[in-house]
Amino acid sequence: MKAVICHKHQLSLETLPELKPSKGQVLLDVIRCGVCGSDLHMQHSCDHMHELTSRIGLKGVAKSSDKFVMGHEFCGKILDYGPKTRHKFKTDTLVCSMPLLNVAELGYQATGLSPHASGGYAEQILVQSQLMFAVPNGLVPDLAAMTEPMAVALHAVRRSRIKKNEPAIVIGCGPVGLGIILMLKASGVKTVVASDFSINRRRLAEICGADVVIDPKQSSPFDNWKEYGLIGNASEAINYGIGLFEKIQALNLPWWHAWRVADKLGALPKRPVIFECVGVPGILQQIINGAPLFSKIVGVGVCMQSDQIEPALAVNKEIEIQFVMGYTPLEFRDALHMIAEGKIDCSCLLTGVVGLEGVEEAFKALSDPEKHAKIMVDPKKLGNKLSATAA
């Protein structure tokens, strides 16, 4: 089979032996595979990623000296099942799969990030049977392959535990940020503020449903905190709290019971939930500097460098900071069905398609946010020309 190999930070198209599924595995004919920002990181920073993941006990992530095939956002048609593997779906069924492969003696390997689990920049791929989901409702492959990044976004929104009346602020409107906007609106969040320097990404944020779109060169996403019922300084917080306390004490009730009721009814100040989707040094501190009191910051962007924050400022603002990664099988399944049932429309993110010969060109093209958001790889497409997606 033909596949795009990453070796010593270089990409090359090579011919590899055809894959053979083992017990519990399924062989797919790759139909589409999305190019992810983490793939761009892996090309040049896989040694760092190998060291980082080793520290959390994840073994097998590729090093620069390894030859490996990237691509973990894929869909494909079933070609064959491994021995003693239940045939969940008929041959030729279009499926998506979580990118994990159980490899003998090594355990689960991250598909597209490990030399032991070849990824979707290839004509074929192996997936784990129990992690494979049939694509419903005749969903086109370009959109089916968006399941994995949309599952990442869904996981971030669910883990944030944001309430519908809490304003969401999305910092960075690349594919992850745009996916989060889609999932926030699908979850019923009333106010979503999106911020990005790119004109194109701000346009896409509007299409995805952002209620307010901000150019950070012109203003801050935190400028209008009063408009959203937020508290921006400590003096106002004290006045608000003591004023509420006085009103509660005026009631002919034990004030502590009334306070608990008021808390459950949402009478206490709102908090914004801020999704950091940039992943560069300094952005967390910028958010801490500007965020209103009681904000929750959800770190979604993957910063690959060391960073510094000022904890005392976050403490005095009582800011909560949470980081998220990946998704559950249920979230992967839910994301697929949300796309297929029209609950989210991620078609606006699809900006180009290339064949295997054009993967290197796609990596370069994604450095320009004014032109591209998500590029799909079609292994059957000939040539290295980047063309508009059909979805």
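Two strands are counted as paired if DSSP finds at least two bridges between them. Helices (H or I, at least four residues) and strands (E, at least two) are DSSP runs, numbered from the N terminus. The structure is a predicted model, in which local features need pLDDT of at least 70 and side-chain atom pairs count only at pLDDT 80 or more, while totals for chains, interfaces and linings use all residues. Residues are numbered from 1 along each chain as its sequence is written, and side-chain values use heavy atoms, with hydrogens and water left out.

An open sheet of three strands has the order 2-1-4, and its pairing is antiparallel. Its edge strands, strand 2 (10–15) and strand 4 (68–69), each pair on one side only. Strand 1 (residues 2–7) runs antiparallel to strand 4 and is joined to it by two bridges. Cys 6 has Phe 68 of strand 4 as its bridge partner. A parallel pairing is found between strand 17 and strand 18 (residues 374–377), with four bridges. Here Val 354 stands opposite Val 377 of strand 18.

Over the whole chain, 11 helices and 18 strands are assigned. The radius of gyration, taken over C-alpha atoms, is 23 Å, close to the 21 Å that the globule rule gives for 391 residues, so the chain is as compact as a globular protein of that length. The globule rule is 2.2 Å times the number of residues to the power 0.38. The C-alpha trace spans about 80 × 45 × 40 Å along its principal axes.

Contact is defined as heavy atoms within 4.5 Å. Of the contacts between residues at least 6 apart in sequence, 71% join residues at least 24 apart.

Residues are classed as buried (under 20% relative accessible area), exposed (over 50%) or partly exposed (in between), using a 1.4 Å probe and protein chains only. Buried residues make up 51% of the 391 residues. Strand 17 (residues 350–354) is mostly covered, with four of its five residues buried. In helix 8 (residues 283–290), the buried residues are Ile 283, Leu 284, Gln 285, Ile 287 and Ile 288. The buried residues of this helix pack against strand 11 (168–171), strand 14 (273–276), strand 15 (296–299), helix 9 (311–316) and strand 16 (320–323).

Asp 334 lies in helix 10 (residues 329–340) and is buried, at a relative accessible area of 13%. Apart from residues up to four places away in sequence, Asp 334 touches Leu 154 and Arg 158. Ala 134 belongs to strand 10 (residues 132–134); because its relative accessibility is 26%, Ala 134 counts as partly exposed. Beyond its neighbours within four places in sequence, Ala 134 is in contact with Phe 89, Thr 93, Leu 94, Val 95 and Leu 336. Ser 38, in helix 1 (residues 37–55), is likewise partly exposed, at 23% relative accessibility. The C-alpha atoms of Ser 38 and Met 49 are separated by 9.9 Å, and these residues are 11 apart along the chain.
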